[in-house]
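Subject: Structure for your files, with notes

Hello,

Here is the structure I said I would send. My notes follow below it.

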Amino acid sequence: GVAGGALGHEKVLFQRDVAGDAATATDGEYTVVLDTALDDVLRREGIARDAINLLNNARKAKGFEISDRIRVAWSCEDTEVQAALGEHAEMIGREVLALKLASSEAVKGSEVSDEMELAGSTIWISVVRAS
């Protein structure tokens, strides 16, 4: 009891609040909360997927056939982009048919590279048909 009296469930209001990055849905008595905060692992995977799109667009722009194997050299000063491309090099290579995907400082600003944006950072990419 409260202050000498009984407190029944009809006099209590339950309110659900969610702190931080979360998405919620309520259906009657049930509430589901999903944490939508991005951690480093998810962020780097997203960068890798964006890199796949960037490289596939570069393939198209160069007029490569869908089955052409390529070699990719890249340079970026952003450490998170570097980590993402390093950790996911195999997946990226498989998705864009790259026989080689390598970091190379020589690509930065060279006439064979294209300056693009990836994850808000400048990246220089060279895409050539593998012989």
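Contact in these notes means heavy atoms within 4.5 Å. With that in mind, His 88 touches Arg 44, Glu 45 and Ala 48, leaving aside residues up to four places away in sequence.

On the source: this is a predicted model, in which local features need pLDDT of at least 70 and side-chain atom pairs count only at pLDDT 80 or more, while totals for chains, interfaces and linings use all residues. Residues are numbered from 1 along each chain as its sequence is written, and side-chain values use heavy atoms, with hydrogens and water left out.

Overall layout

The protein has 3 helices and 6 strands. Helices (H or I, at least four residues) and strands (E, at least two) are DSSP runs, numbered from the N terminus. Along the sequence the pattern is β-β-α-β-α-α-β-β-β. Of the 131 residues, 28% are buried; buried means under 20% relative accessible area, exposed over 50%, and partly exposed in between (1.4 Å probe, protein chains only). Among contacts with a separation of 6 or more, 66% are between residues 24 or more positions apart.

The hairpin

Strand S1 (residues 22-27) and strand S2 (residues 30-35) run antiparallel and are joined by 6 bridges. Two strands are taken to pair if DSSP finds at least two bridges between them. S1 and S2 form a hairpin with 2 residues between them, and Gly 28 in the turn has a positive phi of about 65°. Asp 27 stands opposite Tyr 30 in S2.

The sheet

An open sheet is formed by 4 strands in the order S4-S3-S6-S5, with mixed pairing. Strand S4 (98-103) and strand S5 (114-118) are at the edges and have a single partner strand each, so one side of each has no neighbour in the sheet. From one strand to the next the twist averages 30°; axes are lines fitted to C-alpha atoms, for helices over the stretch in contact, and angles run from 0 to 180 degrees between N-to-C directions. Within the sheet, strand S3 (residues 70-76) and strand S6 (residues 121-129) run antiparallel, joined by 7 bridges. Trp 74 has Ile 125 as its bridge partner in S6. H2 packs on this sheet and touches S3, S4, S5 and S6, its direction making about 155° with that of S3.

The helices

Helix H1 (residues 40-61) packs with H2 at an angle of about 75°, the axes being 8 Å apart. H1 is therefore roughly perpendicular to H2 (angles under 35 degrees count as roughly parallel, over 145 as roughly antiparallel, 65 to 115 as roughly perpendicular and the rest as oblique). On the H1 side the contact includes Arg 44, Ile 47, Ala 48 and Ala 51, and on the H2 side it includes Val 81, Ala 84 and Leu 85. The residues of the contact of H1 with H2 divide into 7 nonpolar, no polar and 5 charged. For that count, Ala, Val, Leu, Ile, Met, Phe, Trp, Tyr, Cys and Pro are nonpolar, Asp, Glu, Lys and Arg are charged, and the others, Gly among them, are polar.

His 88 is in the loop between helix H2 (79-87) and helix H3 (89-96). Its relative accessible area is 17%, so His 88 is buried. In H3, the residues Met 91, Ile 92, Gly 93 and Val 96 are buried, and the buried residues of H3 pack against H1, S3, H2 and S4.

The core

The largest nonpolar core has 23 residues, of which Leu 85, Ile 92, Leu 118, Ile 123, Ile 125 and Val 127 touch the most other members. A nonpolar core here is a set of buried Ala, Val, Leu, Ile, Met, Phe, Trp, Tyr and Cys residues joined through side-chain atoms within 4.5 Å. H1 gives the largest share of this core, 7 residues. Leu 85 touches Ala 51, Trp 74, Ile 92, Leu 101, Leu 118 and Ile 123, again leaving aside residues up to four places away in sequence.

Two backbone points

Leu 97, in the loop between H3 and S4, has a positive phi of about 60° although it is not a glycine. Leu 97 is partly exposed because its relative accessibility is 25%. Ala 119, in the loop between S5 and S6, also has a positive phi, near 55°. With a relative accessible area of 44%, Ala 119 is partly exposed.

Regards
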